[in-house]
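Here are some friendly notes to read alongside the structure. Take them one at a time and find each residue as you go.

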Amino acid sequence: MANPLRGEVIKLYKNLLYLGREYPKGSAYFRDRLKSAFMKNKDVTDPEQIKKLVARGDFVIKELEALYFLRKYRAMKKRYYEPEK
Amino acid sequence: MSGRVLVGVKRVIDYAVKIRVKPDNSGVVTDGVKHSMNPFCEIAVEEAVKLKEKKLIKEVVAVSCGPQQSQETIRTALAMGADRGIHVEVAGKDYETLGPLQVSKIMAALAKKEEAQLVILGKQAIDDDCNQTGQMTAALLDWPQGTFASEVSLDGDKVKVVREIDGGLETIKISTPAVLTADLRLNTPRYATLPNIMKAKKKKIANVKPADLGVDLTSRLEVLRVDEPPQRQAGVKVETVEDLVGKLKETGRI
């Protein structure tokens with residue numbers, strides 16, 4: 001792996017792993033898929049390519065945050081508010 | 001005005017967990033169960049942090065009452081942007097009987113001690129659904145209250161609050177210091193990501209005992225029994241309209 005970007009990739013992996021703890025299908029399910037997704041690209045050396053993949057990872061982080069928020073919002077709305085007529 | 005906002009955060013069983021009642025019906029199983037910050041408290045923290053980002057207030061202090069684990073909830077608030085935390089240590093029997101009355105006494109004492117301009121709480125906790133702490137805190141402090149807030153705007157020493165009420169929306173203007181309780185649509189709480197949690201480790205959490213604040217934790221309530229809600233009956237499928245009418249007559253519905 002290109003040296004300066006190694007830290008970024010590891011940071012991304014840790015952040016995703018942390019987010020995966022709340023994954024609806026379970027953190028083990030998430031961790032397996034996260035690991036294989038990263039392992040699939042372990043031989044990439046081109047810095048441009050790596051930056052693109054890291055950006056994709058950041059996008060996944062945003063998607064997960066949105067997923068978690070919507071899930072919680074919908075649960076709270078269903079439990080505490082009258083259904084709209 | 002001090003520009004300091006106190007935010008109360010409660011550690012509750014995570015909203016997605018299936019709750020189980022203890023076999024002796026004395027309460028709910030909490031050991032080994034996933035806990036997190038009450039969703040309405042998250043909204044309260046987010047609102048306080050937003051006010052600070054808009055430079056309308058200077059400091060956000062997160063407060064939680066409970067055992068050691070409550071510190072994790074304070075850490076989450078710090079990761080969301082609170083400046084420092086106060087952990088009011090309540091454990092054992094006292095924690096089992098800790099309710100809105102006791103917490104509001106603690107919040108009132110802290111609000112006076114910290115010279116808070118605003119106290120923001122979630123409208124209710126998803127475990128006890130009391131919806132009382134904010135109101136009681138305001139009453140003990142003799143401060144105005146803006147409850148079920150779905151929109152908050154500061155204007156000098158006044159606060160405009162749009163409240164979600166049964167008939168629709170009500171807009172009120174109250175003077176500070178005041179107590180606000182957050183409703184679902186107030187804002188979208190940010191997620192406490194790992195880098196933010198790491199950064200928040202540097203922030204301080206002060207340890208306080210209720211006795212230091214001169215608060216008496218005796219409860220006037222006693223939980224007699226906790227039961228599960230009645231199981232939802234499975235539906236029955238019928239073949240014809242006559243069957244349906246027959247079944248309805250059977251169960252005494254018509």
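The points below cover the interface and then the nonpolar cores.

1. Before you start, keep in mind that this is a predicted model.

2. Let's begin where the two chains meet. On the chain A side, 17 residues are in contact with 23 residues of chain B. Together the chains bury about 1900 Å² between them, and carbon and sulfur atoms give 61% of that area. Look for A:Tyr18, A:Tyr80 and A:Tyr81: these three supply 33% of what chain A buries against chain B, more than any other three residues.

3. Next, the polar side of the interface. Nine residue pairs are in polar contact between chain A and chain B. The rule also finds one salt bridge across this interface. A:Lys72 forms a salt bridge with B:Glu42, and their closest N and O atoms are 2.8 Å apart.

4. Which helix of chain A gives the most to the side that touches chain B? The answer is α3(A), with 11 residues. Both α1 (3-19) and α3 (47-80) of chain A supply at least two residues to that side. By type, the residues there divide into nine nonpolar, one polar and seven charged.

5. Now look inside. The largest nonpolar core has 46 residues, and B:Val7, B:Val45 and B:Leu118 have the most contacts inside it. Helix α1 of chain B (residues 39-53) gives the most to this core, with eight residues.

6. Apart from neighbours within four places in sequence, B:Val45 is in contact with B:Val7, B:Val9, B:Met37, B:Ala77 and B:Met80.

7. Finally, there is a second, separate core of 26 residues, which includes B:Met107, B:Val119, B:Leu121 and B:Val215.

Methods. Residues are numbered from 1 along each chain as its sequence is written. Chains are lettered from A and ligands numbered from 1 in the order in which they are written. This is a predicted model: local features need pLDDT of at least 70, side-chain atom pairs count only at pLDDT 80 or more; totals for chains, interfaces and linings use all residues. Side-chain values use heavy atoms; hydrogens and water are left out. Contact means heavy atoms within 4.5 Å. Buried area is the accessible area (1.4 Å probe) that two parts lose on being put together, summed over both. A salt bridge is a side-chain nitrogen of Lys or Arg within 4 Å of a carboxyl oxygen of Asp or Glu. A polar contact is a pair of N or O atoms within 3.5 Å; within protein, one must be able to donate a hydrogen and the other to accept it, and residues adjacent in sequence count only if both atoms are side-chain atoms. Helices (H or I, at least four residues) and strands (E, at least two) are DSSP runs, numbered from the N terminus. Ala, Val, Leu, Ile, Met, Phe, Trp, Tyr, Cys and Pro count as nonpolar, Asp, Glu, Lys and Arg as charged, and the others, Gly among them, as polar. A nonpolar core is a set of buried Ala, Val, Leu, Ile, Met, Phe, Trp, Tyr and Cys residues joined through side-chain atoms within 4.5 Å. Buried means under 20% relative accessible area, exposed over 50%, partly exposed in between (1.4 Å probe, protein chains only).
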